[in-house]
Amino acid sequence: MRRQKTETAMSNRYLVLTELFLPTKGGTAVWFDEVYRRLGGKEIHIVTAAVPGAAEHDHDHPNRIHRLALKRVPWLRPESLVMYGRFFFTALRLALTHRFDAVHAGRALPEGLVGWLVARLTRRPVVIYAHGEELTGWGMGNKYKAMCFALRHADRVIANSDFTRETLIGMGVRAECIVLIHPGVDIGRFRPGLPFKDLRAALGIGDSAKLILSVGRLSRRKGFDTLIRSLPALRARGLDVHLAIVGIGEDADYLDALAREANVADRVHRLGHVPMEDLPRWYNACDLFVLANREIGGDTEGFGIVFLEAAACGKAAIAGRAGGTGSAVLDGVTGVRVDAASEAELAPTLERLLGDPQLLEAMGQAGLARVRQSLSWQAVAERTQDCLRA
């Protein structure tokens, strides 16, 4: 499927190193694709991973894409040695043959360390993105030390949330080098007013029933299990409520078993991967969006683009209090943040919001106004341009 023409493209010459880029799934991959296609054309070179579907995606992309085999080799020490080598030699060759304004790295490791070395060898500034979860999930070993080195020596570090910014400062990154830029959302694709009745009908959900939507990789820290455990309490209070979960991952069987154990299997609809054109319609179909994220072993939610997707469709959201969700969901304004480690806070909050349609509408409209004003991808690209020029 061909992408629609983006808003005004800018003119910049960047070398971008990122393992995560469309068509790879995930918010980070979306972020880099959406922003750099707006920051310039073929003068921006993106070095990224070779993945299925890449040829079709890259065919009419405004930037110049270089795909590398970046798989780790389990028997090597470190197992990412080949990946580092391929990143480095490709990036250095491009940097020596093009006059880039700067080197941009999608994360501190592996891209940031490689980007820093290439930038210093070619006397260019280096910018490293920080997303939050990668900063807290690796303990304090050699990877953490290498990550700290790259971030401390970057000319700019882009933090996606206040949580990420504070984490960076705690790691020794100078505050004056950190720029706060939230990710954004495609407000043309995600918008209110899309048809959705066929989606609800396919699940057997009537107009009077309440539908909770949750979207994300099926991993434990996303809190789908806590959400499922909250349903019996809502049913006991007389709420006709259903839960639709969009996403794939390692917890699929676990969640199915949990729904059966809680006697809500007929109320939990695990949709797996849905077509690209249907995801905005699922946001429109729900009454409330929920991602009950929590921290597990340092692994946490750095921001949560899914909250912006829900807001762009005019929906209020409930988020876990862990990580950087406070930058995505304004507590009491566009939604509510709760301690999602158990259903103790989540279930009463679900009951309160689902029982108050006027409050849901007010929060949904506040979220919609916010994303339209300052969190469209065009606005994010312009903010990125401004901060990098400064």
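A cavity is a set of grid points where a 1.4 Å probe fits but cannot get out, and the residues that line a cavity have an atom within 4 Å of such a point. In this predicted model, the largest cavity is lined by F307, L308, A311, K315, A317, A328, V329, T334, G367, R370 and V371.

**Enclosed cavities**

- Rolling a probe the size of a water molecule over the atoms shows where empty space is left.
- The structure holds 2 cavities of 30 Å³ or more, and the largest cavity has a volume of about 70 Å³.
- Two elements, α12 (305-312) and α14, each give two or more residues to the lining of the largest cavity.
- Sorted by class, the residues that line the largest cavity comprise 7 nonpolar, 2 polar and 2 charged.
- The second largest cavity contains about 40 Å³ of space, and its lining is formed by A95, H98, F100, V103, T122 and R124.
- In the lining of the second largest cavity, the classes are represented by 3 nonpolar, 2 polar and 1 charged residues.

**The second largest pocket**

- The second largest pocket has a volume of about 320 Å³, and 18 residues line this pocket, with C286, D287, G314, K315 and E361 lying nearest its centre.
- At least two residues of the pocket lining come from α11 (279-285), and at least two come from α14 (357-374).
- The largest share of the lining of the second largest pocket is supplied by α14, which provides 4 residues.
- The lining of the second largest pocket is made up of 9 nonpolar, 4 polar and 5 charged residues.

**Salt bridges**

- Side chains of opposite charge can pair when their charged atoms come close.
- The structure holds 22 salt bridges, and three of them are described here, including the one between D58 and R67, whose closest N and O atoms are 2.8 Å apart.
- D58 has a relative accessibility of 16% and therefore counts as buried, while R67, at 21%, counts as partly exposed.
- R217 and E250 also form a salt bridge, in which the closest N and O atoms are 3.2 Å apart.
- R217 has a relative accessible area of 46%, so R217 is partly exposed, whereas E250, at 52% relative accessibility, counts as exposed.
- K222 forms a salt bridge with E301, and in this pair the closest N and O atoms are 3.0 Å apart.
- Because K222 lies in the loop between β8 and α9 and E301 lies in the loop between β11 (288-291) and α12, the pair ties together parts that are 79 residues apart in sequence.
- Both K222 and E301 are buried, and salt bridges that share partners join R221, K222, D299 and E301 into one network.

Terms used: Residues numbered from 1 in each chain as written. Predicted model: local features only at pLDDT ≥ 70, side-chain atom pairs only at ≥ 80, totals over all residues. Heavy atoms only, no water. 1 Å grid on protein atoms, 1.4 Å probe; cavity = no way out; pocket = protein on both sides within 12 Å on 5 of 7 lines; lining within 4 Å. Points joined across faces, edges and corners; volume = space filled by probe spheres on them. Nonpolar A, V, L, I, M, F, W, Y, C, P; charged D, E, K, R; others polar. Salt bridge = Lys/Arg side-chain N within 4 Å of Asp/Glu carboxyl O. Buried < 20%, exposed > 50% of the residue type's maximum accessible area, 1.4 Å probe, protein only.
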